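I opened this structure to look up a few things and kept short notes. Here they are, in the order I made them.

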Amino acid sequence: MLKISNLHASVEDKVIIKGLDLEVNPGEVHAIMGPNGAGKSTLGYVLSGRDGYEVTDGNVTLNDADLLELEVEERARAGLFLAFQYPVEIPGVSNMEFMKESVNAMREQRGEEPLTAAEFLKKAKAACKQVQLPLDFLKRGVNEGFSGGEKKRNEIMQMILLEPSLCILDESDSGLDIDALQVVADGVNSQRDGKRSFIVVTHYQRLLDYIKPDFVHILADGKIVKSGDASLALEVEKGGYAFLGKAYEETEA
Amino acid sequence: MSEQIEQALERKYDAGFYSEIEADTFDIGLDESVIRRISEVKGEPEWMLEWRLKAYRSWLEMEEPDWAHVDYPKIDYQAISYYSSPKSMKDKPKSLDEVDPELLRTYEKLGIPLHEQEMLAGVAVDAVFDSVSVVTTFREKLEEAGVIFCPISEAVHKYPDLVKKYIGSVVPRTDNYFAALNSAVFTDGSFVYIPKGVRCPMELSTYFRINEQNTGQFERTLIVADEGSHVSYLEGCTAPQRDENQLHAAVVELVAMDDAKIKYSTVQNWYPGDENGKGGIYNFVTKRGICHTNAKISWTQVETGSAVTWKYPSCILKGDNSVGEFYSVALTRGRQQADTGTKMIHLGKNTRSTIISKGISAGKSNNAYRGLVKMGPKADGARNFTECDSLLIGDQCGAHTFPYIESRNPSAIVEHEATTSKVSDEQLFLCQQRGLDTEKAVSMIVNGFCKEVFKELPMEFAVEAGKLLEISLEGSVG
């Protein structure tokens, strides 16, 4: 479904991704780990088309469509979802209103009728309960005054409602206590249906105890330097990124 | 990203058409004979003419104010025509059937059907076209409740005692340069009287349309809510798209007697000029209300049009326990300039006022909030709360805040909060990543910013106002 080949990307003329290859098939969960500054978050932004992240070489296809040709909103409507590491606040725009517009934009893309307010409310309430947020969060402004953990859960709620085909989770575990981590992981696991694919970007192995990956990739200096199964994550947990060489050991220290 | 915002902000002014309607228009220029002629075509009594002439003579002695944070070329008052009326209105049509269909079509095009059966139920409309009122709907139904809602030119004849008593009682003839000019040359506008204890059975509204070229519109509205009565009133305004600037200098006076409540809402969408600042309306307006004991006046305004806006709807809180409110959204784009705000004059004991102002600046526009909160020596226990928020879109616009606070009473409490924020790339990216296009995203963010004010508008118009912001922000056809 997602095919990245020889991807090069830069931010403000600084080359961050330097020849990245990755193939994700339907239903697979890929974890991407790596030291700070390896380009983990950049990958999520490049794939979702954020302004300022310039692709200088390579190809990316999503379900055989040329992803790089699409605008940000078109990529989203094509089924790409990015759960933000630091979700931004939109004061005065209620979560409900925001997600209803968003869900209906996706439905329109699929040639489906927009949901009525009542239909949407029912779905939204269920999703809200699933991520264990009080229902009044639907009425509150988007991320307005939410704690870090609430913001992360709100992202997962949106993911559940939007039913994307590819979910990129950008450090969805950072800043979470163990209970919140469990809620986020449960939310993600509930969406694993054998067809939906996930790219889980994380700094720590901890999240992968809850979301079992099929593949683990180590990203360093803009490239995937090592791939393996879940055991690779445990190796990293034990020995850090020492195997990458001295330079990384020092950054991590 | 900012390029996308720029595109989303490209203006499309839907009300910019001109109606081919034959008009009787005065030659340009202003002197006493012009005022006499206005008074004559309106068939006014002598006292009204005298009142106008006194205003004119004071105006001649006054100087145009220059303290506002706006910049425009000097207005040539001799290059304006002070009266224009559709020819067909000369015979004073008695019912809608006799009104020129082209006039009715103009209002229909603007989304204001004047046939009662087609209208929003529960809203009565006075339609003012250039210098005359075309029609006032639902008058009979209102008369049953004892409510008077008619053009002010008609009120001068039919209710001279009320007009004589209240006109100029809140905004004196010599209040300021533009108010004096208006007092001299005002042509039409609405008059409302709600008798004691009556709750007006429907929303009242006036729709102002400037059509003729080189004319000014000088309307005057007077609303008197007698003891214990309630009324909600809304005004809307549009004008054709033209390269020349046109002057609109209105005066609105509100009188809320003991225990009365007046809610006055404005959706102002005068032609704002093109992206280079060519053309557009100069909107220089004086609006003020007086509250007697326990009375309440609430101003809500959504200002999206005009090249230059100079406007400060105010409350004189004379009676004890009276309440004044001001809720404002002012959006400026292109080269628009707005200097708007309010004055809350606390005279009575335990008077309270709330000011919520939301300024949105985009393009190369300038948006200023100017507000005065004054606590008089007898205003024991008076309170004011002011919140003044500015939202910037792009990096070439300006937002300014000029609060003035004068307190002469140690027990009075004045609070002022102000914030300035930007529509950020992060917010836009989040919206787009969730499948929304830039236009939708910007209008959603802006609407969210204005929420506190929109919820104060009468329901039918809250939707309207939201849409207006959408249209204002849309790049393509709205």
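**Chain B overall.** I began with burial: of the 478 residues of chain B, 55% count as buried. I kept in mind that this is a predicted model. I then listed the secondary structure and found 11 helices and 23 strands in chain B. Next I looked at contacts in chain B with a separation of 6 or more, and 83% of these join residues 24 or more positions apart.

**The core.** I looked up the largest nonpolar core, which has 198 residues. Those with the most contacts inside it are Ile168(A), Val192(B), Ala225(B) and Ala256(B). In soluble globular proteins, nonpolar side chains tend to be buried together.

I picked Val192(B) and listed its contacts, leaving aside neighbours within four places in sequence. Ile148(B), Phe149(B) and Leu204(B) are among them. The list also includes Ile223(B), Val224(B), Val231(B) and Tyr233(B).

**Where the chains meet.** I counted 21 residues from chain A and 19 residues from chain B in the contact. On the chain A side, α2 (72-77), β7 (90-94) and α3 (95-109) each supply at least two residues. By class, this side of chain A has 11 nonpolar, five polar and five charged residues.

**A covered helix.** I turned to helix α9 of chain B, residues 425-433. Seven of its nine residues are buried. They are Gln427(B), Leu428(B), Phe429(B), Leu430(B), Cys431(B), Gln432(B) and Gln433(B). What covers them? The cover includes α1 (40-48), α2, β6 (80-83) and β7 of chain A, together with α10 of chain B. Just after α9(B), I noted Gly435(B) with a positive phi of about 95°.

**Two helix pairs.** First I took α2 (residues 32-41) and α3 (residues 46-61) of chain B. They pack at an angle of about 150°, with their axes 10 Å apart. The angle is over 145 degrees, so α2(B) is roughly antiparallel to α3(B). Their crossing is right-handed. From α2(B), the contact uses Glu32(B), Ile35(B), Arg36(B) and Ser39(B). From α3(B), it uses Met48(B), Leu49(B), Arg52(B), Leu53(B) and Tyr56(B). I sorted them by class: five nonpolar, one polar and three charged.

Then I took α3(B) with helix α8 of chain B, residues 177-185. The angle is about 145°, and the axes are 7 Å apart. This crossing is left-handed. α3(B) brings Arg52(B), Ala55(B), Tyr56(B), Ser58(B) and Trp59(B). α8(B) brings Tyr177(B), Ala180(B), Leu181(B), Ser183(B) and Ala184(B). The classes here are seven nonpolar, two polar and one charged.

Most residues other than glycine have a negative phi. I noted two residues with a positive value.

- Asp259(B) has a phi near 60°. It sits in the loop between β11 (251-256) and β12 (261-268) of chain B. Buried or exposed? Asp259(B) is buried, because 21 other C-beta atoms lie within 10 Å and the cut-off is 20 or more.
- Ser306(B) has a phi of about 70°. Its loop runs between β14 (296-303) and β15 (308-311) of chain B. Ser306(B) also counts as buried, with 31 C-beta neighbours inside 10 Å.

Conventions:
Residues numbered from 1 in each chain as written. Chains lettered and ligands numbered in written order. Predicted model: local features only at pLDDT ≥ 70, side-chain atom pairs only at ≥ 80, totals over all residues. Core = buried A, V, L, I, M, F, W, Y, C linked by C-beta atoms within 7 Å. Buried ≥ 20, exposed ≤ 12 C-beta atoms within 10 Å, placed from the backbone. Contact = placed C-beta atoms within 7 Å. Helix = DSSP H or I, 4+ residues; strand = E, 2+ residues; numbered from the N terminus. Nonpolar A, V, L, I, M, F, W, Y, C, P; charged D, E, K, R; others polar. Axes fitted to C-alpha atoms, helices over the stretch in contact; angles between N-to-C directions. Parallel < 35°, antiparallel > 145°, perpendicular 65-115°, else oblique. Left-handed = near helix turned anticlockwise from the far one by under 90°.
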